[in-house]
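This report goes through one protein chain, from its overall layout down to single residues. The sequence and the structure come before the details.

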Amino acid sequence: MFLRCQCASIFVPLTDPPSENHIPLYICHCTQCRLQSSSLFGTSAIFPARVIFPLSDALKSQLSVWTRPTKQGRSMDCYFCKTCGTRVMHRIREADGVERETVTLKGGCVVLGSEEEIKEGVSRVLDFSRATHLYAGQAVVDLAMWPGARTYEGSPDVMEGRPAPRN
């Protein structure tokens with residue numbers, strides 16, 4: 001399993017990733033995700049941060065970072081390829097500055113297969129047919145194309161990588 005950008009300047013193996021069926025997948029229809037993906041929705045795969053962090057010096061040299069505030073008072077570090085501009089991942093820091101133990105890899109940038117298969121163009125991507133849809137009320141596509149999909153009008157209170165709400 002690899003993280004890859006469009007131009008392949010970023011092409012790194014993920015360290016000890018979970019099995020494919022244990023990776024939480026999301027399709028988000030919010031405005032921010034539509035803008036960042038330049039598409040009708042954004043796709044995200046949640047991984048333990050250890051699969052890619054700490055970033056190697058070589059990978060750091062290939063990435064640009066833009067940090068934006070979130071509505072919940074957190075910060076989101078958004079990582080892009082310096083060469084082609086592909087957004088490959090983001091990581092959230094809580095309001096107290098602590099980084100989450102998870103990283104969100106952009107769905108189309110997670111490539112499955114061997115290095116040789118990927119270079120030959122016979123790789124595959126994660127199966128998003130089982131993804132959970134967020135901000136379904138803002139969708140600009142018909143969600144009926146995903147029959148039986150779990151949907152939320154916003155974001156669920158409990159999500160992989162997000163600290164549980166305090167009571």
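## Model and fold

The model is predicted. Its protein chain holds three helices and 11 strands. In sequence order the elements run β-β-β-α-β-α-β-β-β-β-β-α-β-β. The radius of gyration is 16 Å, close to the 15 Å given by the globule rule for 167 residues, so the chain is as compact as a globular protein of that length.

Along the principal axes, the C-alpha atoms fill a box of roughly 45 × 40 × 30 Å. Among contacts with a separation of 6 or more, 50% are between residues 24 or more positions apart.

## Burial, surface and charge

Of the 167 residues in the protein chain, 40% are buried. The chain exposes about 9,300 Å², and carbon and sulfur atoms supply 50% of that area.

The charged side chains comprise 19 positive and 17 negative ones. The centres of these two sets lie 6 Å apart.

R91 belongs to strand β7, which spans residues 87-93. Its relative accessibility is 10%; the cut-off for buried is under 20%, so R91 counts as buried. Leaving out residues up to four places away in sequence, R91 touches A49, F53, S75, M76, D77, Y79, E99, R100, E101, T102 and V103. Two polar contacts involve the R91 side chain: one of 3.3 Å with the side chain of E99, and one in which a polar atom of R91 lies 2.7 Å from the backbone oxygen of R100. I27 is 64 residues from R91 in sequence, and the two C-alpha atoms are 17 Å apart.

R100 itself is in the loop between β7 and β8, the latter covering residues 102-106. With a relative accessible area of 10%, R100 is buried. Its side chain makes a polar contact of 2.7 Å with the side chain of E94.

## I23

With residues up to four places away in sequence not counted, I23 touches M1, P18, A45, I46, F47, L126 and R130. M76, one of the residues that R91 touches, is 53 residues from I23 along the chain, and their C-alpha atoms are separated by 21 Å.

## Backbone geometry

F53 and P54 are joined by a cis peptide bond, with omega about 0 degrees. P54 is in the loop between β4 (42-48) and α2 (57-62). F53 is also among the residues that R91 touches.

Positive phi values occur at A8 and Y135, neither of which is glycine. For A8, phi is near 70 degrees. A8 sits in the loop between β1 (2-4) and β2, and at 31% relative accessibility it counts as partly exposed. For Y135, phi is near 55 degrees. Y135 is placed in the segment after β11 (132-134), and its relative accessible area of 23% makes it partly exposed.

Key:
Residues numbered from 1 in each chain as written. Predicted model: local features only at pLDDT ≥ 70, side-chain atom pairs only at ≥ 80, totals over all residues. Heavy atoms only, no water. Helix = DSSP H or I, 4+ residues; strand = E, 2+ residues; numbered from the N terminus. Rg over C-alpha atoms; globule rule 2.2 N^0.38 Å. Buried < 20%, exposed > 50% of the residue type's maximum accessible area, 1.4 Å probe, protein only. Contact = heavy atoms within 4.5 Å. Areas by Shrake-Rupley, 256 points an atom, 1.4 Å probe, with all protein chains shown as cover. Lys, Arg positive; Asp, Glu negative; His and termini not counted. Charge placed at Lys NZ, Arg CZ, Asp CG, Glu CD. Polar contact = N/O pair within 3.5 Å; in protein donor to acceptor, adjacent residues only side chain to side chain.
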